[in-house]
Amino acid sequence: MSKAFTKETETDGDDDGADGASPPLPAGSKNYITPDGYARLRDELLHLMDEERPKIVETVHWAAKNGDRSENGDYLYGKKRLREIDRRIRFLTKRLEIAEITDPSVHHGRDQVFFGATVRYADETGDERSVTILGIDEAESAKSQVSWISPIARALLKAREGDVVKLVTPGGAHEVEILSVSYPAPRPAAT
């Protein structure tokens with residue numbers, strides 16, 4: 001059957017993480033996020049709704065007036081992009097509604113690992129690494145950020161500097177020693 005005769009439903013790929021941005025939340029868990037992470041997601045949502053979506057709607061409207069829609073690239077691409085934007089808007093709206101903003105700066109100066117901590121640790125071979133524990137919607141592995149539900153974060157949470165914790169991975173169990181714990185400094189109150 002030709003693609004022209006298939007129907008895409010509005011819920012196709014509408015589940016959490018369908019756009020590849022974030023995995024679904026574990027059942028019964030909270031969607032912890034830092035104030036900066038919340039602001040970034042909110043800014044993305046507002047940009048999509050106020051700027052990008054109206055531009056695409058205008059392009060699709062213009063392209064629709066040009067006649068035959070079956071071979072109109074502007075129309076076809078615009079409709080596809082509009083579905084992607086709408087899917088991302090729904091995802092962000094859902095995630096922001098259930099977000100629990102947690103400010104890691106309240107732990108500034110402490111040596112125990114909580115959400116928002118940057119932890120430097122050494123594995124059994126002496127290799128040192130550093131990770132920052134953030135929410136699943138804001139963590140970027142390329143920046144050495146891990147989600148609070150990741151195996152390394154779960155192993156580190158609630159431990160203190162100097163502690164040796166057990167990290168269970170698909171490759172087996174390993175021990176890691178926590179070398180340092182730091183948090184962002186509190187921001188001065190706005191006047």
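**A pocket and a sheet**

Student: Which element gives the largest share of the lining of the second largest pocket?
Tutor: In this predicted model, helix 1 provides the largest share of that lining, with 3 residues.

Student: And which elements supply at least two residues each?
Tutor: Helix 1, which covers residues 35-64, and strand 4, which covers residues 128-134, each supply at least two residues of the lining of the second largest pocket.

Student: How much space lies in there?
Tutor: The second largest pocket holds about 290 Å³ of space. It is lined by 16 residues, and the closest to the centre of the pocket are Thr34, Asp36, Pro104, Pro184 and Arg187.

Student: How does the lining of that pocket split by class?
Tutor: Counted by class, the lining of the second largest pocket has 6 polar residues, together with 5 charged and 5 nonpolar ones.

Student: Switching to the sheet, what is the order of its strands?
Tutor: The order is 5-4-3-7-6 in an open sheet of 5 strands, and the pairing in this sheet is mixed.

Student: Which are the edge strands?
Tutor: They are strand 5, at residues 145-147, and strand 6, at residues 164-169, and each of these pairs on one side only. From one strand to the next, the twist averages 45°.

Student: Back to strand 4: in which sense do strand 3 and strand 4 pair, parallel or antiparallel?
Tutor: Strand 3, residues 118-122, pairs with strand 4 in the antiparallel sense, over 5 bridges.

Student: What stands opposite Tyr121?
Tutor: Opposite Tyr121 stands Arg129, which is in strand 4, and strand 4 also supplies at least two residues of the pocket lining we began with.

Technical notes
Residues numbered from 1 in each chain as written. Predicted model: local features only at pLDDT ≥ 70, side-chain atom pairs only at ≥ 80, totals over all residues. Heavy atoms only, no water. 1 Å grid on protein atoms, 1.4 Å probe; cavity = no way out; pocket = protein on both sides within 12 Å on 5 of 7 lines; lining within 4 Å. Points joined across faces, edges and corners; volume = space filled by probe spheres on them. Helix = DSSP H or I, 4+ residues; strand = E, 2+ residues; numbered from the N terminus. Nonpolar A, V, L, I, M, F, W, Y, C, P; charged D, E, K, R; others polar. Pairing = 2+ DSSP bridges. Axes fitted to C-alpha atoms, helices over the stretch in contact; angles between N-to-C directions.
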